[in-house]
Amino acid sequence: MDANLSDQIENSHFRRSRLLRQYDMCESEATSPRSAISVYKLTPRKHIYYVLSLYPDALRRVRAEHDQKFGGVSKAAEMLCSDPTLVNDLPYTLAVIMESLRLFPPIGGSYRSGRVGQPLCCVHLKADGRDWPTYPFACFINDYAIMHHEDVFKDHELFIPERYLTKGPSDPYFVSPNAWRAFEKGPRDCIGKAMALIQIKIIIILTLSSFDFREMYADDTPLVNGHKMYQTLHVTAKPSQGCL
Ligand code: HEM
């Protein structure tokens, strides 16, 4: 191998491991009352690998997006180091992450204090003729249920990243603006959202081209909603048995 090429490879491996190390440092330094470390260290990455192992077409498409953007994983690390804004232009990658977080949200819902004069006015509740007062109650917004409701997400148990790339409400897979709530919505939504998405993107760019993934659960592992890697609650939602 010529020395120049060998240097380039060395250099690109160095950059890649530096990016991965920075990612791990951010994880260990992140602090949040809601266990942000485990929220984005353990869960999203594993479920993304898991669903992509079940949907090879989506895996091919996301890999193609990375190849097109970076021309290969060895160049990706270098390009991302010199221009981190490149992660902002990966629409299919973002769609894959969003769809994985919809199917397997690490935080399934959240509480809000009810307010005087702010009743619930969901169409289904209105249908029986009344508003439902929220004060003086604690109201649980069940994000998991919303994101798994057929009226809100067509074919809700399927992994369809393309739904986030649809053009408008005439498309049956169109996602309404407030439907996707993995980071919740409003003034108390997740302050780490942007950071989490950037880091998840970097990790999957750096790993997807180099590895194939498959789940290794025992044959007799029970299925929940068709998945051996169903979610279990450990402060936040984690994959069953903790791992792939
Ligand atoms: C995929 C990764 C993540 C997911 C799915 C997630 C999800 C959420 C959700 C749903 C909430 C709202 C909880 C509520 O309304 O009660 C929340 C709040 C919060 N998140 Fe995240 N989060 C993630 C990563 C992070 C990271 C990386 C950080 C910090 C570095 C972070 C920091 C926070 C903080 C401080 C709050 C509380 C905000 C407030 O109460 O005003 N999160 N997160």
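Does Ile 107 count as buried or exposed, and how many C-beta neighbours does Ile 107 have inside 10 Å? Ile 107 counts as buried, because 20 C-beta neighbours lie inside 10 Å. The model is predicted.

- Ile 107 sits in the loop between α6 and β1 (110–113).
- Lys 238 is 131 residues away from Ile 107 along the chain. Even so, the C-alpha atoms of Ile 107 and Lys 238 are separated by 9.5 Å.

**The nonpolar core**
- The largest nonpolar core holds 31 residues.
- Those with the most contacts inside this core are Ile 48, Ala 76, Val 96, Ile 97 and Ile 205.
- Five helices are listed as giving two or more residues to the core: α3 (43–54), α4 (56–70), α5 (73–82), α6 (91–103) and α9 (193–208).
- Of these, α9 gives the most, with 8 residues.
- Ile 48 is in contact with Val 96, Ile 97, Ser 100 and Ile 204, leaving aside neighbours within four places in sequence.

**Helix pair α5 and α9**
- The axes of α5 and α9 come within 8 Å and cross at roughly 150°.
- That angle is over 145 degrees, so α5 counts as roughly antiparallel to α9.
- The crossing of α5 and α9 is left-handed.
- On the α5 side, the meeting residues are Val 73, Ala 76, Ala 77 and Leu 80. On the α9 side, they are Ile 202, Ile 205 and Leu 206.

**Helix pair α4 and α6**
- α4 and α6 pack with their axes 8 Å apart, at an angle of about 140°.
- That angle makes α4 oblique to α6, because roughly antiparallel requires an angle over 145 degrees.
- The crossing of α4 and α6 is left-handed.
- From α4, Ala 58, Arg 61, Val 62 and Glu 65 make the contact. From α6, the partners are Tyr 92, Thr 93 and Val 96.
- Val 96 is also in contact with Ile 48.

**The β3–β4 hairpin**
- Strand β3 (residues 231–234) and strand β4 (residues 236–239) run antiparallel, joined by 4 bridges.
- Gln 231 has Pro 239 in β4 as its bridge partner.
- The two strands form a hairpin with 1 residue between them.
- Val 235, in the turn, has a positive phi of about 70°.

Technical notes
Residues numbered from 1 in each chain as written. Predicted model: local features only at pLDDT ≥ 70, side-chain atom pairs only at ≥ 80, totals over all residues. Core = buried A, V, L, I, M, F, W, Y, C linked by C-beta atoms within 7 Å. Buried ≥ 20, exposed ≤ 12 C-beta atoms within 10 Å, placed from the backbone. Contact = placed C-beta atoms within 7 Å. Pairing = 2+ DSSP bridges. Axes fitted to C-alpha atoms, helices over the stretch in contact; angles between N-to-C directions. Parallel < 35°, antiparallel > 145°, perpendicular 65-115°, else oblique. Left-handed = near helix turned anticlockwise from the far one by under 90°.
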